[in-house]
Amino acid sequence: MAGGARVSTFVLVHGAWHGAWCWERVTPRLTDAGHHVITPTFTGLGERAGEASADIDLDTHIDDLVAALDGLPDAVVVAHSYAGFPAYGAAERTAIGRLVLLDAFIPRDGETMADHVGERGDQYRAAAADNPDWLAPAPPAAVLGVSEADAAWVGSSMTPQPVQTYLQPIALAGAAERLDRLYIDCTSPSLATLDESKRRMAGVPTTQLACGHDAMIALPDQLAELLLR
C-alpha cells in the first residue's frame with residue numbers, strides 16, 4: 001500500500017437471515033484501499049440454506065467463524081447483529097486482532113439470542129418445542145432500515161434462520177472483553193431489542209451511523225470509512 005500503510009484482513013460476519021451477499025457494497029471499498037476481505041456465510045443461511053437443520057446451532061456458527069479465522073490472528077472481525085454471539089464465542093477459541101460490533105447483540109455467559117428479542121424469543125422456543133427443525137422466518141426488509149429501492153433485493157436474499165442458533169446458551173469466560181473493541185450504533189432508526197446490548201458497551205469506544213440496522217446496505221461508504229480509520 002502507498003506510504004507503507006498496514007494491510008489488514010477484515011472478516012465481515014453477517015447477522016441472522018443474511019449471508020455473504022449483504023457485504024457486496026462494502027467489500028470493494030475495503031479491497032480498493034488495499035486490504036484483504038473474507039465474508040464467510042454461516043451454515044444453513046444464504047447460499048448454504050440447504051444445510052439448515054435442527055443440528056445447526058450456535059456452536060455450529062461459532063465453529064464456522066473459528067474456521068474462517070484460521071491463520072489470521074490479527075484479523076479485524078466485523079460482527080453484525082446476531083453475529084455478536086458467534087464473535088464472542090469465537091474469541092474464546094481463537095485469536096482476534098480487533099472486534100468491531102456493528103449494531104450487534106452483546107451476550108453474557110449462559111444467555112441465548114432468544115433472551116434478547118422479547119416475545120419473539122418465546123415464540124421461537126414454542127415453535128422449536130413442536131418442531132426442532134423449525135426455521136425462523138426473516139422479518140420484512142423495511143424493519144432493517146433499507147431503502148425502498150433495496151427492499152426487494154434484501155427481502156428476496158434473506159433466508160430462514162435455524163431456530164437452534166437462537167436457543168443454545170453461549171459459554172463465555174470474558175475473552176472478548178479483553179479485545180480492542182469498537183461498537184457502531186445505527187441510530188435512524190435504532191432497534192429497541194439492542195438497548196441492553198448497548199448499555200453493556202459502556203466504556204467501550206462507540207460511534208454512530210445515521211441509518212437503520214443494515215448499515216452495510218444503507219450506508220456502505222460511511223461504514224467502510226469507519227472501518228478504514
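Reader: How many Å separate the backbone oxygen of histidine 213 from a polar atom of the side chain of histidine 80?
Author: This is a predicted model, in which local features need pLDDT of at least 70 and side-chain atom pairs count only at pLDDT 80 or more, while totals for chains, interfaces and linings use all residues. Residues are numbered from 1 along each chain as its sequence is written, and side-chain values use heavy atoms, with hydrogens and water left out. A polar contact is a pair of N or O atoms within 3.5 Å, where within protein one must be able to donate a hydrogen and the other to accept it, and residues adjacent in sequence count only if both atoms are side-chain atoms. For the side chain of histidine 80 and the backbone oxygen of histidine 213, the distance is 2.9 Å.

Reader: Is histidine 80 buried or exposed?
Author: Histidine 80 is found in strand 3, residues 76-80 (strands are DSSP runs of E with at least two residues, helices runs of H or I with at least four, both numbered from the N terminus). Leaving out residues up to four places away in sequence, histidine 80 touches several others, including Trp23, Leu102, His213 and Asp214 (contact means heavy atoms within 4.5 Å). Buried means under 20% relative accessible area, exposed over 50% and partly exposed in between, with a 1.4 Å probe and protein chains only. Because its relative accessibility is 1%, histidine 80 counts as buried.

Reader: How many disulfides does a search of the whole structure find?
Author: A disulfide is counted here as a pair of cysteine sulfur atoms within 2.5 Å. The sulfur of cysteine 22 has its closest cysteine sulfur in cysteine 186, 12 Å away, which is too far for a bond. Cysteine 211 is in no disulfide either, since the nearest cysteine sulfur, that of cysteine 186, is 4.2 Å away. Over the whole structure, the number of disulfides found is zero.

Reader: What separation do the C-alpha atoms of cysteine 211 and cysteine 186 have?
Author: Cysteine 211 lies in the loop between strand 8 (206-209) and helix 8 (215-218), and with a relative accessible area of 5% it is buried. Apart from neighbours within four places in sequence, the contacts of cysteine 211 include Cys186, Thr187 and Leu219. Cysteine 211 and cysteine 186 are 25 residues apart along the chain, and their C-alpha atoms are separated by 5.6 Å.

Reader: What kind of aromatic pair do tyrosine 124 and tyrosine 166 form?
Author: The search finds six aromatic pairs in the whole structure, where rings of Phe, Tyr and Trp (its six-membered ring) pair if their centres lie within 6.5 Å, and planes under 30 degrees apart count as stacked, over 60 as edge-to-face and the rest as tilted. Tyrosine 124 in helix 4 (residues 119-130) and tyrosine 166 in helix 6 (residues 164-167) are 42 residues apart, so that the pair links distant parts of the chain. Tyrosine 124 is buried at 4% relative accessible area, as is tyrosine 166 at 3%. With 5.2 Å centre to centre and 70° between the planes, the pair is edge-to-face.

Reader: What is the radius of gyration of the protein?
Author: The secondary structure comes to nine helices and eight strands. The globule rule, 2.2 Å times the number of residues to the power 0.38, is compared with a radius taken over C-alpha atoms. For 229 residues the rule gives 17 Å, and the protein is close to this, so it is as compact as a globular protein of that length, with a radius of gyration of 17 Å.
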